[in-house]
Amino acid sequence: MVGLCEGISFLVLLLIAMPLKYFAGRPEAVFTVGWLHGVLFMAYASVTFWAWGRGYIRARMVGLAALAALIPLGPFLLDPKLKAIEAAQSKSPEQIC
């Protein structure tokens, strides 16, 4: 859920706030959306490292999550993989991925 919110905030920053700043002279849009995106990015990183520390995901998935955070649609592409891991772990206690 945090990844999807972070991904949405990144798209809003790139597709709405940045054009407002440069084409409409409204730099406060980038400040506000950028601040929110920063908070969500930190939450995304925290949840990712928490899941890794608990053994829910492996280091490879942490790397993919970090890469996904840098690509505009990355969290949306990673989400199905995370849901598959979650579903597999609910069936067995073993680590998947």
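Here is a walk through this structure, from its overall form down to a single residue. The model is predicted, so local features need pLDDT of at least 70 and side-chain atom pairs count only at pLDDT 80 or more, while totals for chains, interfaces and linings use all residues. Residues are numbered from 1 along each chain as its sequence is written, and side-chain values use heavy atoms, with hydrogens and water left out.

Let's start with the overall layout. The protein has 4 helices and 0 strands, where helices (H or I, at least four residues) and strands (E, at least two) are DSSP runs numbered from the N terminus. The C-alpha atoms fill a box of roughly 55 × 20 × 20 Å along the principal axes. The radius of gyration is 16 Å, whereas a compact globule of 97 residues would have one near 13 Å; this value is taken over C-alpha atoms, and the globule rule is 2.2 Å times the number of residues to the power 0.38.

Now look inside. Of the 97 residues, 28% count as buried, which means under 20% relative accessible area, with exposed being over 50% and partly exposed in between (1.4 Å probe, protein chains only). In soluble globular proteins, nonpolar side chains tend to be buried together. A nonpolar core is a set of buried Ala, Val, Leu, Ile, Met, Phe, Trp, Tyr and Cys residues joined through side-chain atoms within 4.5 Å. The largest one here has 10 residues, including Tyr44, Ile57, Met61 and Leu78. Helices H2 (27-54), H3 (59-70) and H4 (74-91) each give two or more residues to this core, and H3 brings the largest share, 5 residues. Apart from this core lies another, of 5 residues, among them Leu13, Ala17, Val30 and Val33.

Among the buried residues of H4 are Gly74, Pro75, Leu78 and Ile85. Their cover includes helix H1 (2-24), H2 and H3.

Finally, zoom in on Ser9, which sits in helix H1. Is Ser9 buried or exposed? Ser9 is buried, because its relative accessible area is 5%. Leaving aside residues up to four places away in sequence, Ser9 touches Val33, His37 and Leu40, where a contact means heavy atoms within 4.5 Å. You've already met Val33: that residue belongs to the core of 5 residues.
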